[in-house]
Every structure is written in structure tokens, then in C-alpha cells.
Amino acid sequence: MSSVHLSKNAKRDLKKCEPFVRMRIIKQIEKLARGERVDLEKKKGTKNDYRLRVGDFRVIFTLESNTIRVHKIGNRKNIYK
């Protein structure tokens with residue numbers, strides 16, 4: 001089981017989400033931390049950066065040994081800008 005650390009920006013992004021979306025995102029991050037299967041993709045050109053897909057939302061994070069560091073959370077049309 002991995003530990004999860006949300007950056008200040010990620011916490012702010014999560015607060016902006018609708019409550020039902022927020023719960024879906026939190027559940028997917030928890031599944032990721034437990035090592036369960038989730039929709040995950042490595043970002044091209046990076047060493048440890050990944051994105052987690054939760055419907056129309058994306059969670060951008062870094063894997064460091066047993067730690068998941070979440071950097072950004074947002075809608076897919078805005079997250080990569």
C-alpha cells in the first residue's frame with residue numbers, strides 16, 4: 001500500500017470539483033494506493049509522471065518508491081494547458 005500526498009494545488013483543484021466527482025476521484029486514488037487496477041497511463045517523455053483517468057477528469061501524479069504525489073486534478077480539456 002502506497003501513501004498519498006496531495007499538493008496545495010491538487011487540494012484546491014479537488015475542492016473546486018462537484019461533490020459526486022470529488023468522491024469518484026478520491027475512490028480512484030485510494031484504489032491506486034492499494035494497488036488495484038485503474039485507468040493509468042505514463043506520460044510521454046517523463047520518468048515517473050502518470051495520469052489517472054476518472055471520467056472526464058484527470059489526476060496528474062508522480063510515483064516515488066511507495067509514495068504517490070498528486071500535482072494537479074482537473075477536467076481533461078483544461079488539465080494539460
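Reader: What makes R76 and D56 a salt bridge?

Author: Good place to start! In this predicted model, the closest N and O atoms of R76 and D56 are 3.4 Å apart. The cut-off is within 4 Å, between a side-chain nitrogen of Lys or Arg and a carboxyl oxygen of Asp or Glu, so the pair qualifies. The two partners are 20 residues apart: R76 lies in the segment after strand 5, and D56 in the loop between strand 3 and strand 4.

Reader: Why is R76 called partly exposed?

Author: R76 has 48% relative accessibility. Buried means under 20% and exposed means over 50%, with partly exposed in between, so 48% puts R76 in the middle class. D56, at 45%, is partly exposed too.

Reader: What makes D39 and R53 a salt bridge?

Author: Here the closest N and O atoms are 2.5 Å apart, again within 4 Å.

Reader: How many salt bridges are found in the whole structure?

Author: The search finds seven. Through shared partners, D39, E41, R51 and R53 are joined into one network.

Reader: Which residues touch the most other members of the largest nonpolar core?

Author: They are I25, L52, V59, F61, V70 and I73, out of 18 residues in that core. Helix 2 gives the largest share, five residues. V70 also has contacts with V4, H5 and I29, among others.

Reader: Why is R24 called partly exposed?

Author: R24 has a relative accessible area of 42%, which falls between the 20% and 50% limits. This residue lies in helix 2 and touches V54 and G55, leaving aside residues up to four places away in sequence. The C-alpha atoms of R24 and F57 are separated by 9.8 Å, though the two residues are 33 apart along the chain.

Notes:
Residues are numbered from 1 along each chain as its sequence is written. This is a predicted model: local features need pLDDT of at least 70, side-chain atom pairs count only at pLDDT 80 or more; totals for chains, interfaces and linings use all residues. Side-chain values use heavy atoms; hydrogens and water are left out. Helices (H or I, at least four residues) and strands (E, at least two) are DSSP runs, numbered from the N terminus. Buried means under 20% relative accessible area, exposed over 50%, partly exposed in between (1.4 Å probe, protein chains only). Contact means heavy atoms within 4.5 Å. A nonpolar core is a set of buried Ala, Val, Leu, Ile, Met, Phe, Trp, Tyr and Cys residues joined through side-chain atoms within 4.5 Å.
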